[in-house]
Amino acid sequence: MDIKLKKIKIDKKKVSEILLKYAIYFVLLIMIIVIIIKDSSIVSWRSLATILTQASTRCMLALGVGGIIVLAGTDLSIGRMVGLAGVLGASLMQAPEFSRRIFPNLPSSGWFIALIILFIVLVITFMSFINGWLTAKLHITPFIATLGMQLVLYGIASSYYNALGGSPITSLNEDFKYIAQGKLLSIQFGKDEFYISFLMLFAIVSIIFIWFIWNKTRIGKNMFAVGGNAEAAAVSGVSIVKTTLIIYIVAGVLYGMAGLLELGRTGSATNNLGLGYELDAISACVVGGVSLMGGVGSVAGIVTGVIIFQVINFGLAYVSVDPYLQYIVKGMIILIAVAIDTRKYIKKK
């Protein structure tokens, strides 16, 4: 029988492009495999639930800054927004039975807790609105505007923290802590357990909310138009100022909520709460395909980026990798992701 073998022609250029396009995912996949080989006990339902719970507040932050990055901007003040929300919330929502309560005469009822949450979210939203105003009205580059805001917020949070005594603020109201630490559902798998936390629900609601804005509203379409080509969008009648301000306001709401939930999850606050969170949020967006050049991004990509990044964070800590080495690893991931994004942009031009 005469069998003719057909030569398979490999398009080296195409293979090269695919490898480059998905290089960051290959690198992250290899890292995850290495972590699993080093300690296979990380593969469990409990670890998965922990990763998803820890990723929930990071997801809200990433969704907030994701819209700003689509506008071709950035936000370096995210971590300090979380810090200010945390310090304010911790000082105002201590347990009534705590003997060293900072404000002993404050009510601790449910309605008062709700008012404090609303107040802090409004404060953080206002700060984010200022970021938007500085960039949209005064045309200060987002990098400089949010860098300046980062310092302002850290100064405010630190001054307030020092005025209260300069020591970690603990003993939060149990009802508030339950919102961030409680579990909606728990499923046993032998000795293992998977649970759905309230934090996951907050993240899911945020994902649906942002997906709706991005895909079903005029402001979402305008956001992509401004990020893709601001001049063309303006000529088409899109208000760059209005679009920018709304996106920053939406981001501020998410920052405020995430900051309070992070406070509830950790159970205490110092002026350094949220340190470095902006890098994690921006990195997750870039890994998830949001272009730093603007105009490109998806909610699904951001969620994927957050989970991948959280797996790496959790995994490195789980196998006891030196914290300083973790900074190097995360820095390299960011550099690779940005390099790939820049290459795509140059090729597109």
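## Elements and model

Helices (H or I, at least four residues) and strands (E, at least two) are DSSP runs, numbered from the N terminus. By that rule, strand β1 covers residues 183–189 and includes Ile187. The chain has 14 helices and two strands.

This is a predicted model, in which local features need pLDDT of at least 70, side-chain atom pairs count only at pLDDT 80 or more, and totals for chains, interfaces and linings use all residues. Residues are numbered from 1 along each chain as its sequence is written, and side-chain values use heavy atoms, with hydrogens and water left out.

## Overall dimensions

The radius of gyration is taken over C-alpha atoms, and the globule rule is 2.2 Å times the number of residues to the power 0.38. For 349 residues, a compact globule would come near 20 Å; the chain has 22 Å, which agrees. The C-alpha trace spans about 90 × 60 × 35 Å along its principal axes.

Contact means heavy atoms within 4.5 Å. Take the contacts between residues at least 6 apart in sequence: 77% of them join residues at least 24 apart.

## Surface and charge

Accessible areas come from the Shrake-Rupley method with a 1.4 Å probe; for residues, only the protein chains shown count as cover. The chain exposes about 18100 Å². Carbon and sulfur atoms supply 68% of that area. Buried means under 20% relative accessible area, exposed over 50%, and partly exposed in between (1.4 Å probe, protein chains only). Of the 349 residues, 47% count as buried.

Lys and Arg count as positive and Asp and Glu as negative; His and the chain ends are not counted. Each charge is placed at NZ of Lys, CZ of Arg, CG of Asp or CD of Glu. There are 29 positive and 16 negative side chains in the chain. The centres of the two sets lie 10 Å apart.

## The nonpolar core

A nonpolar core is a set of buried Ala, Val, Leu, Ile, Met, Phe, Trp, Tyr and Cys residues joined through side-chain atoms within 4.5 Å. The largest one has 89 residues. Leu28, Leu61, Val65, Trp214, Tyr255, Ile302 and Ile333 have the most contacts inside it. Helix α3 (residues 45–70) gives the most to this core, with 11 residues.

Leu61 contacts Ile78, Val82, Tyr255, Ala258, Tyr277 and Ala281, leaving aside neighbours within four places in sequence.

## Two loops with positive phi

His139 is not a glycine, yet has a positive phi of about 60°. His139 sits in the loop between α5 (110–136) and α6 (142–163). His139 counts as exposed because its relative accessibility is 65%.

Ser320 also has a positive phi of about 60° without being a glycine. The loop between α13 (299–318) and α14 (323–348) holds Ser320. With a relative accessible area of 63%, Ser320 is exposed.

Ile36 belongs to helix α2 (residues 23–38). Ile36 is partly exposed, at 31% relative accessible area. Ile36 and Gly315 are 279 residues apart in sequence, but 8.1 Å apart in space, C-alpha to C-alpha. Not counting residues up to four places away in sequence, Ile36 touches Ile42 and Val43.

Ile187, in strand β1, is partly exposed at 36% relative accessibility. Ile187 and Val296 are 109 residues apart in sequence and 38 Å apart in space, C-alpha to C-alpha. Beyond neighbours within four places in sequence, Ile187 is in contact with Asp192, Glu193 and Phe194.
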